[in-house]
Amino acid sequence: MSDAIEAAWPYPRPDSPPLLTPEQAEYTLNVWLVPRFSMLTLFCLLEPLRVANRFGRDLFAWRLLSADGDAVVASNGVRIDVDGSLESLEDASRLMVVSSYEAEVTVCFQDRAVLRRIAAHGGWLGGLDTAPFILARAGVLTGHRVALHWESVPAFRREFPELEISPACYEFDATRLTGSGGAASIDMMLVWIEHAYGPALADAVGRQLVHERPRDNGGEMPRRRYGELPRSVVRALAVMETNLAQALPIPEVCRLVGQSQRQLTRLFQRHFGETPQQCYLGMRLDRAHQLLADSRSLVTETALATGFTQPAHFTRAYRRRFGEAPSATGERGG
């Protein structure tokens, strides 16, 4: 690639590849691949996480697992190497089970015991396509709504009449995530990204994947949308949203976005009536307000969590935006 083309490249260009180790990332998703799993589901599960790492933060890593640590063959005949065995997981892990045809043929008592152990220690469990059968037979879906592939619903209802089946493409709460798999896994992961880091990042990732996000998941989860904004503005908002605790200089935001500071400032002023710096500050203060109103966070902890190293600066900026001191908000929230 020539220097001229490299300089004009319109996409975020991180200094290092966006593939992270569990030690580097804020979230690690362990993925148990059951023989004859759906390759489409796996790709749609991981690609949103890979793309999210391009926006200036070490957000997501993943580990592929099999029951015995050996490679697994997908339903399309492709053989996939894995990073370890299911038994190697720690008790409080985040585990997604991906299966498809004949999900239970190779699953044994020891595998189900691992799922029960993770659940007993407060771990996070998910299952896509036919994997909810595996989770349900392990007894870890009681009290949770279940979403799975539509072809499997009649059989699942007969075997587990006590469990509530959802018509949605995916269902998740604090500790369980189930879904139909396939292409719907992209939407599911974008919602997970939105819950973890905000709607701007989720929409930016969706655009990068050339994927139009639905307005809701079966009419249940309305979400903010950025369809009217230029791509570079959405990218900038995503970078800012994922870097609230350690505020980046605006030139660095522009570098990650692939836009000049002058042009980005012009676009922000057109769409928001303020500069990128002002918008970024507002996002950090809004996050601080949320932390103080919804939790028992101390003012100093909140300031550091939103990128303010000087408490006095934080207090002045907060008072200008909300008309009161951070301590006043915190007292009401507590």
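The model is predicted, and a search of the whole structure finds 13 aromatic pairs in it.

Start with Tyr27 and Phe60, whose rings are stacked, 5.8 Å centre to centre and with 25° between the planes. Colour strand S1 (residues 27–33) and strand S2 (residues 60–66): Tyr27 belongs to S1 and Phe60 to S2, so this pair links parts of the chain 33 residues apart. Tyr27 is partly exposed, at 24% relative accessible area, whereas Phe60 is buried, at 1%.

Phe60 and Tyr197 form an edge-to-face pair, 5.8 Å centre to centre with 90° between the planes. Here strand S2 is linked to helix H6, across 137 residues. Tyr197 is buried because its relative accessible area, 10%, is under 20%.

The charged end of Arg94 sits over the Trp124 ring, 6.0 Å from the ring centre.

Now move to the largest pocket, with a volume of about 600 Å³. It is lined by 23 residues, and those closest to its centre are Tyr197, Glu241, Leu244, Met283 and Arg287. Select helices H6 (184–197), H8 (231–241) and H11 (276–294), each of which supplies at least two lining residues. H11 gives the largest share, six residues. Coloured by class, the lining shows twelve nonpolar, five polar and six charged residues.

For a last stop, select Arg284 and Phe308: the charged end of Arg284 sits over the Phe308 ring, 4.1 Å from its centre.

Key:
Residues are numbered from 1 along each chain as its sequence is written. This is a predicted model: local features need pLDDT of at least 70, side-chain atom pairs count only at pLDDT 80 or more; totals for chains, interfaces and linings use all residues. Side-chain values use heavy atoms; hydrogens and water are left out. On a 1 Å grid over the protein atoms alone, a cavity is a set of points where a 1.4 Å probe fits but cannot get out, and a pocket is an open set with protein on both sides within 12 Å along at least five of seven lines; lining residues have an atom within 4 Å of a point. Grid points are joined across faces, edges and corners, and a volume is the space filled by probe spheres set on the points. Helices (H or I, at least four residues) and strands (E, at least two) are DSSP runs, numbered from the N terminus. Ala, Val, Leu, Ile, Met, Phe, Trp, Tyr, Cys and Pro count as nonpolar, Asp, Glu, Lys and Arg as charged, and the others, Gly among them, as polar. Rings of Phe, Tyr and Trp (its six-membered ring) pair if their centres lie within 6.5 Å; planes under 30 degrees apart count as stacked, over 60 as edge-to-face and the rest as tilted. Buried means under 20% relative accessible area, exposed over 50%, partly exposed in between (1.4 Å probe, protein chains only). A charge sits over a ring if NZ of Lys or CZ of Arg is within 6 Å of the ring centre and within 35 degrees of the ring normal.
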